[in-house]
Amino acid sequence: MSAAQEPVGAEPEAELTDGFHLVIDALMLNGIKTIYGVPGIPITDLGRLAQASGMRVISFRHEQNAGNAAAIAGYLTKAPGVCLTVSAPGFLNGLVALANATTNCFPMILISGSSEREIVDLQQGDYEEMDQLAVAKPLCKAAFRVLHAADIGIGVARAIRAAVSGRPGGVYLDLPGKLFGQVMDAEAGRRSLVKVIDPAPAQIPAPSAVDRALDVLRGAKRPLIILGKGAAYAQVDDDIRALVEKSGIPYIPMSMAKGLIPDTHPQCAAAARSTVLQDSDVVVMIGARLNWLLSHGKGKQWGPPGSKKFIQIDIEPREMDSNVEIAAPLVGDIGSCVAALLRGMGDDWKQPPAEWTSAIDAKKATNIARMATRLGKNSTPMDYHSALRVLRDVIRDRPDAILVNEGANTLDQARGVIDMYQPRKRLDVGTWGVMGIGMGFAIAATIETGKPVLAIVGDSAFGFSGMEVETICRYNLPVCIVVFNNDGIYRGTDVNVSGGSDPATTVFVKGARYDRMMESFGGTGVNVTTPDELKRAVDAAMDSGKPTLINAVIDPAAGSESGNIGNLNPKSALTKKGGA
Ligand code: OXT
Ligand code: ADP
Ligand code: MG
C-alpha cells in the first residue's frame with residue numbers, strides 16, 4: 001500500500017481491518033449468529049466473509065422471505081433477526097417484512113447496502129440509486145445510516161437496542177457501498193465496537209398501578225384473561241401459567257399465543273370465544289392489543305356498552321386507551337408485571353364464581369360437540385375439517401414441532417381445529433393477516449430452534465413464497481409443507497361473470513401439482529386426496545425430517561369468501577344478483 005493510500009491513524013505494517021469485517025465483528029460481538037438474505041452488489045462479499053467468520057448465512061430466493069425469516073427469528077429468540085439485502089430493489093423487497101415485523105412487534109434489523117451518498121443526494125443516477133433511509137423511516141421503529149467505518153460499532157449497537165428495547169420492532173441500517181471498503185487500524189477498529197449491555201432492560205410497573213389492577217380484578221364476577229403474542233414473546237411461560245391457575249380465571253389465547261398454556265387446559269375458553277367476550281365484566285389483556293382482531297374492544301361482540309372494565313399489561317404506554325378506556329393500565333414488561341400481580345394476589349385469592357365458569361364450560365361443550373361432528377366426516381374430496389383432523393393428530397403426537405399457518409380458510413379452520421401444547425409453536429399471518437410469511441417463517445423456525453416444521457398453507461398463500469422450496473431443499477431442512485389446494489383464493493369455483501375467456505379473479509389452474517415443484521429440487525413430493533393418504537404422507541415426512549411438499553386436494557367448493565372475516569370484505573351495492 002502506498003503512503004497516499006494509507007488509512008488515517010494507521011502505523012505502517014499495522015494490522016488492518018475494513019468495513020466488511022467490522023460489520024461482521026459488531027454483529028458477532030452481540031451474539032448474532034445467523035444472517036438471512038439475498039447476495040448482490042454491494043453486499044456479496046459481506047455474506048461470504050460472514051460465512052467465513054463462522055456465521056450461518058442463509059441465502060434466499062427473494063428478500064421478502066429472508067426478511068420474514070429474520071422477523072420470526074427475532075420473535076422466537078428475543079434477539080433481533082438480521083436480514084441482509086442489496087440496494088434499492090432488494091431493499092424494497094425486504095421492506096414489507098420490516099414493516100410487518102414492526103406492526104407485529106418482532107425485533108429485526110434490515111441491513112441494506114446502498115448507493116453512494118454524493119450521487120444519490122444530487123440524483124445523478126447511480127446504480128440502484130435510492131434514498132433508502134428516507135423511504136424506510138416511516139415504516140420501521142428506527143432507521144440509521146453509517147458513513148464511516150469507525151462508526152459501524154455504534155451503528156450496529158443502536159440498531160440492536162432500538163429493535164429489542166421497549167416495544168420490539170423493525171430497524172433499518174443503511175450501509176453505503178463505499179463503507180465496506182474503508183480500511184482502518186485493526187486495534188482501533190476493535191475498540192470502536194460496542195457490546196450492548198442489557199439491550200431490553202426490565203421495565204418495572206409502578207406499585208400503585210399493580211394495586212389498581214388487583215382492585216379491579218377483585219371486584220370481577222365474570223373475569224377473563226386474553227393472552228396475546230406479546231405474552232408468548234416475553235418467555236415467562238411459567239409465571240403466566242401460575243397467574244392463570246392461581247387466579248382461576250378463564251383465558252383465551254390470541255392466535256400466536258395458542259400453546260403458551262396447552263390449549264387443552266381446563267381454563268382455556270377458546271371454544272367459547274363469543275360467550276366470554278360478550279359476557280365477561282373484567283378483561284385482563286396480557287401482551288395483546290384491542291385492534292381489529294378483537295373488534296377494537298367494542299361493538300356487539302363485547303356486550304352492552306359500559307359492561308366491561310379492562311386491565312391491560314403492555315410495555316408501550318401509548319397502547320393504553322388506544323381504542324377504549326383502560327381502567328387499570330399496567331405499563332411494564334410482562335415478566336415484571338405478572339410477577340408483581342402474583343405477589344400481590346397473596347395466598348387467599350378468591351376464584352371466579354362457579355356460575356361463570358360453568359356457563360363457559362357448557363358453551364365449550366356445545367361448540368366442541370359441533371366441531372366433532374364436522375371432524376368426524378371422512379369426505380372425499382377432502383373438506384377442510386377432514387384434512388385438518390389428521391393434522392391435529394400430527395401436532396398432538398409431536399407437540400414440539402412448529403406449526404406455520406397461512407391462507408384464509410386454511411388459516412381460520414386450522415386455528416380452531418389444531419390444539420397447540422407448547423409456547424411459541426404456532427406462527428402465522430399475525431396482525432396484518434399478510435400472505436407470504438409461510439416459507440420464510442418455516443425456514444427460520446427450524447434454523448433457530450432445531451425443531452421440525454409443519455407448514456399448513458393455502459394454495460394462494462403458498463404462491464407468495466413458494467420458490468423458497470429450493471432453499472428448503474438446498475439446506476436440507478426438516479420442513480413438511482401441506483398445500484391445501486382448492487384451486488384458488490377462498491374457493492376454486494368462481495366464474496368470470498362477464499362471460500369472457502379470462503378466468504375469474506380468484507381462481508388458479510385447476511388440478512395444479514405443487515408437489516412436483518418440491519420434487520424438481522430433490523425433495524419429496526406427494527399428491528393426496530384422502531385423509532388416510534394425508535396422514536401417511538405427513539407422518540413419513542415428520543419421521544424422516546426430509547423436505548417434503550404434500551399437495552392436499554381440497555374440495556374447491558369447501559371454502560368461504562375471506563374465511564372467518566368475510567364481514568370485513570366490502571361488497572358493491574350495485575352488484576346484480578349472480579353478476580358483476
Ligand atoms: O364462540 P363461537 O360460538 O363464536 O365460536 C367460535 C369459537 O368459540 C369456536 N372454536 C372452537 N369450537 C370448538 N373447538 C375448538 N377447539 C374451538 N376453537 C374455537 O369457533 C368459533 C370461531 O372461533 P375463532 O376462530 O377463534 O374466532 P373468530 O370469530 O374467527 O375470531 C376472530 C378473529 C378475527 C380473531 C379470527 O378470525 C382471526 O384471527 N382471523 C385472522 C384472519 C386473517 O388474518 N386472515 C388472513 C387474511 S384474509 C385475506 O386478506 C387474504 N388475501 C389477501 C391478501 C393478503 N392477506 N396478503 C397479501 C400480501 N396479499 C393479499 C389472500 C390473497 S387470504 C388470501 C389467500 C387465501 O387463499 P388460500 O388459497 O391461501 O386459502 P383458502 O382460503 O384456504 O383458499
Ligand atoms: P396479538 O396479535 O396476539 O393480540 P399484539 O401483537 O396485538 O398481539 O400485541 C402484542 C403486544 O405485546 C404489543 O402491544 C406489545 O407492545 C406488547 N409486548 C411485546 N413484548 C412485550 C413485553 N416483553 N412486555 C410487555 N409487553 C410486550
Ligand atoms: Mg386456496
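1. A definition before anything else: two strands count as paired if DSSP finds at least two bridges between them. Keep in mind that this is a predicted model. With that in hand, strand E12 (residues 309–314) and E13 pair in the parallel sense, over four bridges. As for individual residues, Ile 311 has Ala 328 in E13 as its bridge partner.

2. Zooming out, that pair belongs to an open sheet of five strands, ordered E10-E9-E11-E12-E13 and paired in parallel. Strand E10 (251–253) and strand E13 (328–331) sit at the edges, each pairing on one side only. On average, neighbouring strands here are turned by 15° against each other, direction ignored.

3. Have a look at helix H14 (residues 334–345) too: this helix lies across strand E11 (282–286), E12 and E13. Relative to E12, H14 runs at about 130°.

4. Now the ligand. There are 35 residues around ligand 1, and those that come nearest are Ser 274, Tyr 384, Thr 410, Asp 459 and Asn 564. By class, the shell splits into 18 nonpolar, 12 polar and five charged residues.

5. Tyr 384 puts a polar side-chain atom 2.7 Å from a ligand 1 oxygen, while at Ala 271 a polar backbone atom is 3.1 Å from an oxygen atom of the ligand. On its own, ligand 1 has 1,400 Å² of accessible area, and the protein covers 77% of that.

6. Which elements give two or more residues to the shell around ligand 1? They are helix H13 (273–279), helix H15 (354–376), helix H17 (409–417) and helix H19 (459–463). H17 gives the largest share, six residues.

Definitions and conventions:
Residues are numbered from 1 along each chain as its sequence is written. Chains are lettered from A and ligands numbered from 1 in the order in which they are written. This is a predicted model: local features need pLDDT of at least 70, side-chain atom pairs count only at pLDDT 80 or more; totals for chains, interfaces and linings use all residues. Side-chain values use heavy atoms; hydrogens and water are left out. Axes are lines fitted to C-alpha atoms, for helices over the stretch in contact, and angles run from 0 to 180 degrees between N-to-C directions. Contact means heavy atoms within 4.5 Å. A residue is near a molecule or strand if one of its heavy atoms lies within 4 Å of it. A polar contact is a pair of N or O atoms within 3.5 Å; within protein, one must be able to donate a hydrogen and the other to accept it, and residues adjacent in sequence count only if both atoms are side-chain atoms. Accessible areas come from the Shrake-Rupley method with a 1.4 Å probe; for residues, only the protein chains shown count as cover. Ala, Val, Leu, Ile, Met, Phe, Trp, Tyr, Cys and Pro count as nonpolar, Asp, Glu, Lys and Arg as charged, and the others, Gly among them, as polar.
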